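Dear colleague,

I am passing on the structure we spoke about, and my notes on it follow below. Please read them with the model open beside you.

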Amino acid sequence: MTVEMIREDFPILANHPEVVYLDNAATSQRPKQVTDAITQFYETANANPLRGLYDWSMRATALYEEAREHVARFIGAPLPEQIIFTRNTTESINLVAYSYGLTNIREGDEIALTVMEHHSDILPWQMAARERGAKLTWLEPDAEGVISEAEITAKIHEKTKLVAVGHVSNVMGVTNPVEQIIARAHAVGAVVVIDGAQAVPHHPVNVAELDADFYAFSGHKMLGPMGIGALYVKKEILDKLPPFLTGGEMIEYVTRESATWAELPHKFEAGTVNAAGAVGLDAAVRYLERIGFDFIREREEALTKRMMEALSTLPYIRVFGSADPAKHCGIVTFTVDGVHPHDVSSVLNEDHVCVRAGHHCAQPLMQFLGVGSTVRASVYFYNTEDEVDRFVRALSAVRGVMGYGD
Ligand SMILES: Cc1ncc(COP(=O)(O)O)c(C=O)c1O
């Protein structure tokens, strides 16, 4: 298996050799196995799933439930019903905040977060804290992005009822010590919500081994379609969890005054489900399994190392996070002295190099780092050394374009 062979599976890459796509942490590209699976669903099995008692609908239902089984296996969930399909990580975390949070958080409780969280893992907890009179407490990393054991012990204590932590930071690429955080949280009687948006595409994840209570992720960052994500919930919690959204599909029986709920996990999937999205996510999971995380990790590390070594020769560049490329999960975030990140990105775009510039939906982290915004280049296993070199060449010219004489 070579990267060149892999790139043939991605029409957008094969058809646009002039483009260097380094915004994979925002969304990945999709192989044709994924887009073909979606097309095939609409061409051979399209009907509203879970409703019809005719062949197309039953086939749509079977494909949807097969996708659930496969996603459950992929992340080590003991039972398929522990996977709730959502639109994305954001919706998964909101489901936990509204359903579990509003039911279980009380006045005076604490919700612990890290300052590295994506806004999707901050705002739902601000809402829950505001609604219930609880307080947010913040775990802070060191300069390399590492959260220490002492910080975990100090910030997660008897008052803590819930801990929300990103498995991998979308800015620094650091993998957080979720095992230690979960152990500490459970020791003080708190539950842990893991935002796995940046982890599931890059590492093998086993939610049962982690002993996670909730684990959220998005399909579109792991080769799947946009508009499908998932939430894993531990069985003991799931059995007691009230519904989040209500309406069709999630009921057993409705009277004028009240309703009873459908069995798990349909109780949490109100309205017509995104069956085509689930089928696409299933194809993405199969594709990732075929490629294998050893290959993914090896490619990401090689590309990140090449990129960081090249950036270290440019004195006006400051890279955030660890000096070790293996600890970046393919994400390199940096600033260019004297040039606004938006200008960096716009100048790179002239050379068809796509990177992300801004606060990366992590403004508390930007405040912690003392910057307003940064540039982020993020690789995936289908990127090439040549693309990294083209990015570095284009970046080396940015200050010149902006009028600097170096
Ligand atoms: C760490 C992290 N959490 C949450 C999200 C939100 O994901 P989505 O927009 O798919 O809901 C992202 C997306 O950038 C992310 O990187």
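Which residue in E12 does Val319 stand opposite? Before the answer, please keep in mind that this is a predicted model. The residue that stands opposite Val319 is Phe334 in E12, and the pair belongs to a stretch where E11 and strand E12 (residues 331-336) run antiparallel and are joined by three bridges.

The sheet

These two strands are part of an open sheet of four strands, in the order E11-E12-E15-E14, with antiparallel pairing. Strand E11 (317-319) and strand E14 (356-358) stand at the edges with a single partner strand each, so one side of each has no neighbour in the sheet. From one strand to the next, the twist averages 30 degrees.

Helix H12 (residues 293-311) lies across E11, E12 and strand E15 (374-378), and runs at about 15 degrees to E12. Helix H13 (residues 341-350) also packs on the sheet, where it touches E12, E14 and E15, and its direction makes about 155 degrees with that of E14.

A residue in H12

Is Met308 buried or exposed? Met308 has 20 other C-beta atoms within 10 Å, and therefore counts as buried. Leaving aside neighbours within four places in sequence, Met308 is in contact with Val319, Pro325 and Val332; of these, Val319 is the residue that stands opposite Phe334 in E12. Asn383 is 75 residues from Met308 along the chain, and the C-alpha atoms of the two are separated by 15 Å.

The two domains

The chain is divided into domain 1 (3-22 + 298-401) and domain 2 (34-288), whose C-alpha centres lie 29 Å apart. Where they meet, 17 residues of domain 1 are in contact with 18 residues of domain 2. On the side of domain 1 that touches domain 2, E12 and helix H14 (363-369) each supply at least two residues, and H14 gives the most, with three residues. By class, that side of domain 1 has eight nonpolar, six polar and three charged residues.

The ligand

Around the ligand there are 13 residues, of which Asn88, Thr90, His118, Asn170 and Ser218 come nearest. Divided by class, the residues of this shell are two nonpolar, nine polar and two charged.

With best wishes

How values were computed:
Residues numbered from 1 in each chain as written. Predicted model: local features only at pLDDT ≥ 70, side-chain atom pairs only at ≥ 80, totals over all residues. Near = placed C-beta within 6 Å. Nonpolar A, V, L, I, M, F, W, Y, C, P; charged D, E, K, R; others polar. Pairing = 2+ DSSP bridges. Axes fitted to C-alpha atoms, helices over the stretch in contact; angles between N-to-C directions. Contact = placed C-beta atoms within 7 Å. Domains from an automatic or database assignment. Buried ≥ 20, exposed ≤ 12 C-beta atoms within 10 Å, placed from the backbone.
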